[in-house]
Amino acid sequence: MHGHARDDAVRVGGNARQQFHDARGYGAPVEGNEIDLAPVEAAHLLYRGDLDSVDGDGFREFFVSTAEEKPRFALQFLVYADLRERGFYLSPAREPWVEIDAAGDPDCDFVVFPRGKDADDGVVEHRVRVVGERASVVAAEMAGYVFAVVDEESELTYLEATEHTYDGETTYELPTNLEGVLLDDRAVCWNAPADLFESGFYGQPLTGRDAAIEGAVQLSLLEAASLVADDALALGTADDYAAVVERGRTVEGERFDRRLRVYDALRERNVVPKTGFKFGADFRTYASVDSVEELGHSETLVRVVRPDHSFAPRDLSLDVRLAGGVRKRMVFALTDANEGIEWLSVARLTP
């Protein structure tokens with residue numbers, strides 16, 4: 001069976017509709033038994049030996065000439081072939097191959113249908129964006145896609161980006177008479193009740209085997225700012241909140257404001273954020289804290305980035321791999337100076 005190039009498609013006649021489209025989900029029907037194949041579909045059928053040629057060219061010639069004409073074609077072919085080998089039906093995300101809202105999405109390369117379904121069913125399981133390992137992706141444009149990352153050795157990694165929702169169960173009634181002082185890049189509360197740490201999971205007790213003091217808790221500047229804003233902590237300055245924020249900006253610049261916004265948002269959702277330093281993140285989070293003595297594992301790692309932050313796929317893969325290795329989900333908090341927060345979860349996907 002032979003095909004002929006027409007515009008940006010390959011027209012195939014004979015019994016192509018029954019053999020390729022109806023039976024296996026390739027191409028878009030046109031007239032009679034003819035179908036139009038997208039270049040990547042034609043290349044895959046040539047690769048399998050199901051199609052003999054396109055205008056006299058076999059797989060090698062067609063693949064090379066199309067890759068020279070379309071810069072990302074070689075990467076797209078690798079992803080298309082891999083998903084086909086895994087038993088999925090998929091189509092280019094453009095008309096006439098799909099008549100859904102994915103058509104015309106300039107960022108989407110393929111739509112993948114649920115197993116046992118095809119384009120005629122109109123149900124999409126994944127929207128796939130193909131990227132090379134040296135490309136970059138903008139944080140605010142990631143949600144809703146599966147990123148098929150092709151590395152320099154043509155191996156594939158699939159990363160799924162979805163919107164994330166925090167809904168914790170931690171309830172703690174703050175005291176109202178805490179007293180403390182700012183010290184360099186932290187604060188110390190001198191009269192903390194035991195449950196400030198044990199139940200509220202604020203700070204770290206200033207205790208040790210040789211300590212002869214009680215009730216002293218070291219607080220991060222984020223924790224101190226949050227407690228001051230909630231009228232729970234007094235630091236003895238003319239404007240305690242302004243003093244903490246100014247100190248935070250001195251320590252880490254404008255990142256402090258964005259991290260404080262994320263910290264407060266998590267606490268408002270009854271989620272407890274603690275430092276994620278040991279994991280290379282801004283925070284680790286606990287959805288439910290009854291007692292530190294009976295504390296379970298944290299569920300997510302959070303990194304705070306700007307919405308216009310550009311991720312290198314290698315950095316994304318590193319974050320996701322690290323989070324998965326410690327049984328946590330990687331979440332990015334997208335926020336800017338005067339905007340809200342978008343929560344983006346990225347996880348490795350095995351099709």
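Some ground rules. This is a predicted model, where local features need pLDDT of at least 70, side-chain atom pairs count only at pLDDT 80 or more, and totals for chains, interfaces and linings use all residues. Numbering runs from 1 along each chain as its sequence is written, and side-chain values use heavy atoms, with hydrogens and water left out.

Start with the sheet. Five strands make an open sheet with mixed pairing, in the order S14-S15-S13-S12-S16. The edges are S14 and strand S16 (233-234), and each pairs on one side only. Strands here are DSSP runs of E, at least two residues, and helices are runs of H or I, at least four, numbered from the N terminus. Two strands pair if DSSP finds at least two bridges between them. Strand S12 (residues 178-183) and S16 run parallel, joined by two bridges. Glu179 sits opposite Ala234 in S16.

Now the surface. Trp190, Leu206 and Ile213 form a nonpolar patch there, with about 270 Å² of accessible area together. Patch residues have over 30% relative accessible area and no salt bridge; like charges are joined within 9 Å, nonpolar side chains (Val, Leu, Ile, Met, Phe, Trp, Tyr) within 5 Å. Areas come from the Shrake-Rupley method with a 1.4 Å probe, and for residues only the protein chains shown count as cover. Leu206 lies in the loop between strand S14 (204-205) and strand S15 (217-220).

Next, Phe201. Is Phe201 buried or exposed? Phe201 counts as buried, because its relative accessibility is 5%. Buried means under 20% relative accessible area, exposed over 50%, partly exposed in between (1.4 Å probe, protein chains only). Phe201 is in the loop between helix H5 (194-198) and S14. Setting aside neighbours within four places in sequence, its contacts (heavy atoms within 4.5 Å) include Leu196, Arg267, Tyr286 and Leu295. Ser291 is 90 residues from Phe201 in sequence, yet 8.1 Å away in space, C-alpha to C-alpha.

On to Tyr172, in the loop between strand S11 (156-163) and S12. Tyr172 is partly exposed, at 21%. Its side chain makes a polar contact with the side chain of Asp195 at 3.0 Å. A polar contact is a pair of N or O atoms within 3.5 Å; within protein, one must be able to donate a hydrogen and the other to accept it, and residues adjacent in sequence count only if both atoms are side-chain atoms. The Tyr172 side chain also reaches the backbone nitrogen of Leu196, at 3.3 Å.

Asp109 is in the loop between strand S6 (90-92) and strand S7 (110-112). Asp109 is buried, at 11%. Its side chain has a polar contact of 2.9 Å with that of Arg72.

Last, salt bridges. How many does the structure hold? There are 22. The criterion is a side-chain nitrogen of Lys or Arg within 4 Å of a carboxyl oxygen of Asp or Glu. Glu152 bridges to Arg134, closest N and O atoms 2.7 Å apart. That pair links distant parts of the chain, 18 residues apart. Both Glu152 and Arg134 are exposed. Asp336 bridges to Arg306 at 2.4 Å. These two sit in separate loops, so the pair ties together parts 30 residues apart in sequence. Asp336 is buried, at 19%, while Arg306 is partly exposed, at 29%.
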